[in-house]
There are 2 protein chains.
Amino acid sequence: MPYRAPISDYEFLFKNVVGFDQVAETERFAEASSDVVSAILTEAGKMCEQVMAPLQRPGDLEPARLENGVLRTSPGYAEGWNAIAEGGWIGMSGNPEYGGMGLPMAVTTAVNEMMSAACLSLQLAPLMSQGQIEALEHHASDEIKELYLPKLISGEWSGTMNLTEPQAGSDVGALSSKAEPNGDGTYSITGQKIFISWGDNDFCENVCHLVLARLPDGAPGTRGISLFLVPKFIPDENGNPGVANDLKVVSLEHKMGLHGSPTCVMQYDGAKGWLVGQEHKGMAAMFTMMNNARLGVGGQGVGVAEGAYQHALAYALERKQGKTPSGTIVDHADVRRMLMEMKADVFASRAILLANAVAIDMAQATGDADWAARAALLTPIAKAFGTETGIRVAETGVQVHGGMGFIEETGAAQYYRDVRVTAIYEGTNGIQAMDLVGRKMMDGGEAAARLLDEIEAQAEGARATMPELAGPVWEATESLREATEWLTSQDDMTERFAGALPYLRAFARVLGGHFHLAAALADPDGPRAKLARFYINALLPEHAGLLAQAQNGAKDLYALSADELAV
Amino acid sequence: MPYRAPISDYEFLFKNVVGFDQVAETERFAEASSDVVSAILTEAGKMCEQVMAPLQRPGDLEPARLENGVLRTSPGYAEGWNAIAEGGWIGMSGNPEYGGMGLPMAVTTAVNEMMSAACLSLQLAPLMSQGQIEALEHHASDEIKELYLPKLISGEWSGTMNLTEPQAGSDVGALSSKAEPNGDGTYSITGQKIFISWGDNDFCENVCHLVLARLPDGAPGTRGISLFLVPKFIPDENGNPGVANDLKVVSLEHKMGLHGSPTCVMQYDGAKGWLVGQEHKGMAAMFTMMNNARLGVGGQGVGVAEGAYQHALAYALERKQGKTPSGTIVDHADVRRMLMEMKADVFASRAILLANAVAIDMAQATGDADWAARAALLTPIAKAFGTETGIRVAETGVQVHGGMGFIEETGAAQYYRDVRVTAIYEGTNGIQAMDLVGRKMMDGGEAAARLLDEIEAQAEGARATMPELAGPVWEATESLREATEWLTSQDDMTERFAGALPYLRAFARVLGGHFHLAAALADPDGPRAKLARFYINALLPEHAGLLAQAQNGAKDLYALSADELAV
């Protein structure tokens with residue numbers, strides 16, 4: 001499964017589609033010139049191609065395992081982690097004061113996407129560290145920052161997130177892990193956490209857990225939760241890993257995919273922890289981590305989609321069958337249809353992802369509330385559409401391979417198995433959709449309306465030169481606007497939630513049309529315009545059915561009783 | 001994973017939706033009264049619930065394996081096969097003269113669907129035998145029929161289909177297996193075949209292979225292919241398995257799912273075979289087998305969809321989370337959306353499947369060419385939509401489970417992995433779609449138009465009582481009619497093939513609307529009408545986007561060169 005990093009696609013998107021120039025023009029990111037960014041992406045791409053891609057299959061065949069309580073990672077993963085760390089790819093957007101590169105999120109997002117395409121199981125490890133770095137930068141005390149951030153950024157230590165408990169899945173507020181003050185400023189953490197990605201490894205000196213737990217005086221629900229940093233080994237006076245903390249990996253999950261990534265059940269038995277942020281304000285700190293993690297998971301979907309697309313295309317170009325001009329299946333109309341759908345959606349989902357990252361960067365660099373609102377609006381779309389694209393493209397990749405797609409040796413099936421979880425973790429896609437129509441539209445749909453205005457303005461501007469592309473994009477946007485107004489006029493949130501996911505999908509379809517149109521405008525006689533034409537003619541029309549479902553309300557969903565559902 | 005056979009759903013469909021009464025009114029199937037059919041379905045359902053469902057997970061955990069050339073099946077599979085055989089479920093539609101029950105295909109289809117829901121890996125074994133029984137009944141000599149059919153129908157022997165070769169996948173005409181006449185009426189078969197489902201087992205006395213091969217004077221391509229029956233053990237003068245034939249299982253495939261079903265590479269080294277049908281007319285005989293196998297595979301998709309739906313619903317009804325009336329996730333709007341989509345599509349795909357089977361039965365019972373054309377038209381739709389429904393519903397089932405869906409112990413993942421192959425084997429869904437817009441519309445779309453007339457007539461009739469359901473069905477049908485006319489007016493087949501799969505999906509959506517409307521008419525104030533309302537409001541609108549893609553033609557698909565696809 002050779003993987004080729006799509007550097008020229010990022011360059012094109014940065015320059016022509018997602019407005020990265022604005023980021024590079026800010027003082028905060030003044031060093032991120034297009035030359036610098038290209039050099040960084042090229043370097044990261046090489047590492048992905050040469051170091052990470054060869055680890056994809058070994059991780060599947062020889063999963064991480066627990067031997068007498070010691071976690072053993074898949075063959076080559078330690079070397080892979082070291083290469084990621086040495087390249088500086090963990091702390092790309094980390095604060096330079098602590099060894100980070102201080103790069104824009106857009107660049108980190110592109111690199112994360114490439115790493116996901118090359119080897120999703122391993123990429124999840126630095127993604128977890130990145131989330132922890134971000135949370136500590138925003139919420140931890142200076143003492144913690146100085147001790148932990150350099151180690152996390154260098155990759156000597158790794159980071160994890162501990163939210164889920166058996167009885168508290170998506171409902172984090174139901175957690176029962178406890179924290180008791182020790183009287184010396186530290187806390188004693190007790191409880192069990194499940195689904196902890198990379199809860200341990202055998203290639204870092206220390207593993208640092210961010211754990212949500214409730215203090216004795218914590219209120220029930222999410223408002224009584226605090227966040228603690230709980231290291232595997234307690235740092236000694238020199239900041240080196242000292243005595244083992246009272247925590248352990250109880251077991252690893254047996255999963256459908258992502259075998260190289262150990263998914264741990266963690267047990268904390270009075271483990272020593274340090275408060276991050278304020279008491280009872282753990283959810284706020286966790287949200288910092290989760291928002292970027294959601295963007296990161298969206299990028300995992302896009303990355304796998306790219307990997308699966310390249311893999312299927314390579315097969316289609318070499319598989320001889322039937323009497324076609326090339327003699328291979330790439331000339332068959334339905335194979336073409338599949339490849340074009342894959343490619344057009346990789347582009348659309350990547351553009352949404354990078355536009356989201358650009359909005360995060362602009363918000364950070366300018367402090368502008370509109371940019372922050374744009375970033376917040378796009379995050380659930382980037383997460384859900386990115387991961388659904390990953391799943392759909394990987395599924396289509398299996399189909400392109402015909403019978404060989406079902407055989408594990410081919411590799412198509414692994415993409416399909418691995419990527420499936422991305423629609424579930426970091427908030428299921430259903431929760432993303434509820435976030436979109438709920439929290440992200442508490443402004444009455446203002447941020448959404450601003451974005452739709454921009455989309456229509458671009459389409460208006462393109463009417464003269466590309467009427468057959470601009471027209472459908474404009475009309476789809478109008479339909480989306482109507483649906484948005486209908487949704488935001490529903491005070492009963494159940495009415496909104498009933499159509500939330502189809503609405504999110506339609507929003508993504510329209511955004512895809514917008515970005516494809518931007519690409520066509522920049523490359524009017526080239527392949528970008530041809531791909532845009534296919535997307536707008538063949539895939540954008542899907543929005544109509546989705547918007548009908550989005551506005552159907554809750555009545556039909558609840559028409560059947562539980563008993564009637566079962567008959 | 002308990003499974004409950006949906007007997008009442010079949011009874012409702014037979015009576016109110018797919019017109020099974022017509023079948024029971026024919027002389028050929030006069031014995032298939034509704035009481036008899038109900039008793040048969042109930043009996044089969046019990047076997048599926050009690051014997052087959054418990055074999056689902058063991059087959060996944062302990063796959064069939066090859067030990068020193070001997071095939072060992074999964075634990076309990078031998079007992080499972082015996083129960084299927086003893087119930088008479090292999091030869092349900094087989095000729096009573098040879099021990100079959102002579103039942104309508106509609107009944108067999110329902111039973112096959114239940115067996116698929118309970119344990120897909122094992123169900124594939126009797127499905128292969130059924131195909132062979134059908135092929136021999138139609139094409140074999142009386143001598144072969146008398147020798148083989150009783151054994152196949154009783155389950156003492158099993159049957160397989162051998163089409164695919166490494167260099168000849170979907171392009172069967174490219175095969176290179178050879179047959180040499182032995183001069184005594186038998187033939188010597190040499191070649192390698194791949195992807196042979198249940199190519200061997202350890203619970204039948206004999207395994208009978210139907211093998212496509214080319215005689216020395218066979219023309220190249222599909223017109224020079226002949227069909228041979230090649231048993232594992234050559235029957236002695238008493239018809240008992242005698243000396244071993246010159247064939248063997250070389251290896252088993254390592255697959256993403258369906259682990260309990262051994263997928264064999266078969267090697268024939270001058271194995272003794274008997275001609276079935278005429279020399280060089282093997283494809284015609286094979287098509288008999290394939291057409292019903294396609295219906296059978298569509299039923300596999302529907303069955304897995306039912307199994308995955310029941311499994312997800314059970315989880316949703318017991319998983320406590322959040323503040324809902326029931327305290328469980330079944331009350332969350334997005335979980336409801338998923339469950340309703342699953343249930344509505346199980347119904348739609350099952351109705352299409354059974355309507356197809358009814359058309360086959362009517363064609364057989366009456367010899368009416370219109371019924372034969374109806375059956376031929378519906379087969380690719382039933383296969384492709386049934387299997388896509390299986391995949392989509394299983395995928396949604398994983399999602400309903402949240403994080404637990406990705407954990408193998410839960411069972412949701414197995415449905416997802418197992419069912420994936422159904423969109424590929426027995427002709428990929430792309431090939432089904434080409435069959436629909438190509439071969440099945442050689443009549444200029446006449447058979448399709450007749451069906452659309454019926455759909456519109458029902459909708460017209462329902463306008464008075466259910467205008468809000470009848471209207472959208474009528475309009476969707478008109479859109480489908482326009483698309484059908486557009487497609488059939490394209491002389492360049494590539495233009496048709498370019499939109500073939502979206503067209504097939506839209507056709508299925510409209511048929512689903514038609515059958516849901518029929519159900520609503522029969523149960524206007526009950527749960528059937530409520531489910532129909534959801535389908536017609538929320539899912540039927542998808543046809544619009546699909547039909548836009550169906551009529552987009554080939555130009556966009558071929559706009560990018562192979563090099564441009566890769567950039």
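In this predicted model, a network of salt bridges links Asp9(A), Glu113(A), Glu306(A), Arg350(A) and Arg528(A). A salt bridge here is a side-chain nitrogen of Lys or Arg within 4 Å of a carboxyl oxygen of Asp or Glu. Over all chains, the structure holds 54 salt bridges. As a predicted model, local features need pLDDT of at least 70, and side-chain atom pairs count only at pLDDT 80 or more, while totals for chains, interfaces and linings use all residues. Residues are numbered from 1 along each chain as its sequence is written, and side-chain values use heavy atoms, with hydrogens and water left out.

Individual pairs were examined next. Glu454(A) and Arg374(A) form a salt bridge at 2.8 Å, N to O. Glu454(A) is partly exposed, at 42% relative accessible area, whereas Arg374(A) is buried, at 11%. (Buried means under 20% relative accessible area, exposed over 50%, partly exposed in between; 1.4 Å probe, protein chains only.) In chain B, the side chains of Asp200(B) and Lys232(B) also meet in a salt bridge, again 2.8 Å from N to O. Both residues, Asp200(B) and Lys232(B), are buried. Glu460(B) and Arg463(B) pair at 3.3 Å, N to O. Glu460(B) is partly exposed, at 40%, and so is Arg463(B), at 31%.

Between chain B and chain A, the salt-bridge count is zero. The contact (heavy atoms within 4.5 Å) takes 84 residues from chain B and 84 residues from chain A.

Technical notes
Chains lettered and ligands numbered in written order.
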